[in-house]
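This report goes through one protein model, taking its strands, cores, aromatic pairs and loops in turn. Please keep the sequence and the structure at hand while reading.

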Amino acid sequence: MDIDISIPDQHGRLALVTGGSDGIGLKIATRLARAGAELVLPVRNMRKGEAAADSIRSQIPDAEITLASLDLSSLASVAALGEELNSSGRPIHVMINNAGVMTPPERHTTTDGFELQFGTNHLGHVALVTHLLPLLRAGSARVTSQISIAANERSIHWDDLNWERSYNGMHAYSQSKIAFGLFGLELDRRSAAEGWGITSNLSHPGIAPTSLLSARPEIGRSGDTLGVRIIRWLSTRGLIVGTPESAALPALYAATAPDAAGGRLYGPKGIGHLGGGPAEQKLYSRLRSDEEAQRVWRVSQEMAGVAFAAI
């Protein structure tokens, strides 16, 4: 049986989705457009972005879509997008931080020298939210940050955040998602304390066949991993894990449902939270420390060269 949710009417609202050119992000963007939202899709590969926009318009002919250039692994690119969108002055009502990279077999770095996963999944999004804060405040935005079940494992490698001494791809991925989750929760607390009017929460997609574990020559992965082949096999048979369609639902629920609250985590409610319809979940143990969240907030801004206090 197909799993689905109802998306509230989004007409008159502007939604920004990172990673919207394929996979779960494209499913999220398509559903928002179907509900009437105007989309901003910041993409690294403009050709893929155009194909995604064409795909959405083939299903929703009147969809309003703006493509923008964004490379989350470059803080200069993030700042340029922030300047471009701020110059338009359009309030942002929904922001879903979905883009990411997962487990390069060897250590790679961003343009700015950060370990690729920490720099892209976490710091790039921290910088983007910071630059867009005026527009998010103007839209009383719901900001949903996509983490992962990997955020329930390992810890933040505080003595070597950039994994220069002992790189482990999966451990570094977990760190990036723990840090990003703590940032999203602290954003909600700061917004409440400072009166920013933003609601910030977290989602995770469970497990589904996406491009995260597929062949990615640009990060040194020449072929699909065994993990993604197994996930595809299970997904096509409706076993345990989800589909790209069902995996998009937690973020959509977190970002649009009237009863989805700030400071909460939403994910699949099936076995092991790997698949199924969306529901609120207990915060992972790694995400429960306010002190750790405050440290992430402070250190991340220092590393990314941005400051909420300056806005």
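The text below describes the strands, then the nonpolar cores, the ring pairs and some loop residues.

The model is predicted, so local features need pLDDT of at least 70 and side-chain atom pairs count only at pLDDT 80 or more, whereas totals for chains, interfaces and linings use all residues. Residues are numbered from 1 along each chain as its sequence is written, and side-chain values use heavy atoms, with hydrogens and water left out.

Helices (H or I, at least four residues) and strands (E, at least two) are DSSP runs, numbered from the N terminus. Strand β5 is mostly covered, with five of its five residues buried; buried means under 20% relative accessible area, exposed means over 50%, and partly exposed lies in between, with a 1.4 Å probe and protein chains only. In a regular strand the side chains alternate between the two faces of the sheet. In β5 both faces are covered: R142, T144 and Q146 are buried on one side, and V143 and S145 are buried on the other.

Two strands count as paired if DSSP finds at least two bridges between them. Strands β4 and β5 pair in the parallel sense over four bridges, and V143 in β5 is the bridge partner of M95. The chain passes from β4 through α4 to β5 in a right-handed β-α-β crossover. Right-handed here means that, with the strands pointing away from the viewer, the path from the first strand over the helix to the second runs clockwise.

Strand β5 is also joined to β6 (residues 199-203) by five bridges, and these two strands run parallel. T144 stands opposite N201 in β6. The β-α-β crossover from β5 through α5 to β6 is right-handed.

**Nonpolar cores**

A nonpolar core is a set of buried Ala, Val, Leu, Ile, Met, Phe, Trp, Tyr and Cys residues joined through side-chain atoms within 4.5 Å. The largest one has 50 residues, and M95, L132 and L136 have the most contacts inside it. At least two residues of this core come from each of β1 (14-17), α3 (75-88), α4, α5 and α9. Helix α4 supplies the largest share, ten residues.

Leaving out residues up to four places away in sequence, M95 touches L16, L128, V129, L132, L136, R142, V143 and T144; contact means heavy atoms within 4.5 Å.

Helix α8 (residues 249-256) is mostly covered, with eight of its eight residues buried. These residues are L249, P250, A251, L252, Y253, A254, A255 and T256.

**Aromatic pairs**

Rings of Phe, Tyr and Trp (its six-membered ring) pair if their centres lie within 6.5 Å; planes under 30 degrees apart count as stacked, over 60 as edge-to-face and the rest as tilted. A search of the whole structure finds six such pairs.

| Pair | Arrangement | Centre to centre | Angle between planes |
|---|---|---|---|
| F183 and W297 | stacked | 5.4 Å | 20° |
| F183 and F308 | tilted | 6.2 Å | 40° |

F183 lies in helix α5 (residues 169-194) and W297 in helix α9 (residues 290-304), so their pair ties together parts that are 114 residues apart in sequence. F308 is in the segment after α9, 125 residues from F183. F183 and W297 are buried, and F308 is buried too. Ring pairs link F180, F183, W196, W297 and F308 into a cluster.

A charged end also meets a ring: that of R295 sits over the ring of W158, 3.9 Å from its centre. This requires NZ of Lys or CZ of Arg to be within 6 Å of the ring centre and within 35 degrees of the ring normal.

**Loop residues**

Most residues other than glycine have a negative phi. T103, which is not a glycine, has a positive phi of about 45°. T103 is in the loop between β4 (94-97) and α4 (116-138) and is buried, with a relative accessible area of 15%. W163 likewise has a positive phi, near 55°. W163 is in the loop between β5 (142-146) and α5 and is buried at a relative accessible area of 5%.

S155 is located in the loop between β5 and α5. S155 is partly exposed, with a relative accessible area of 45%. Leaving out residues up to four places away in sequence, S155 touches Q175 and I178. The C-alpha atoms of S155 and A172 are separated by 9.0 Å, and the two residues are 17 residues apart along the chain.
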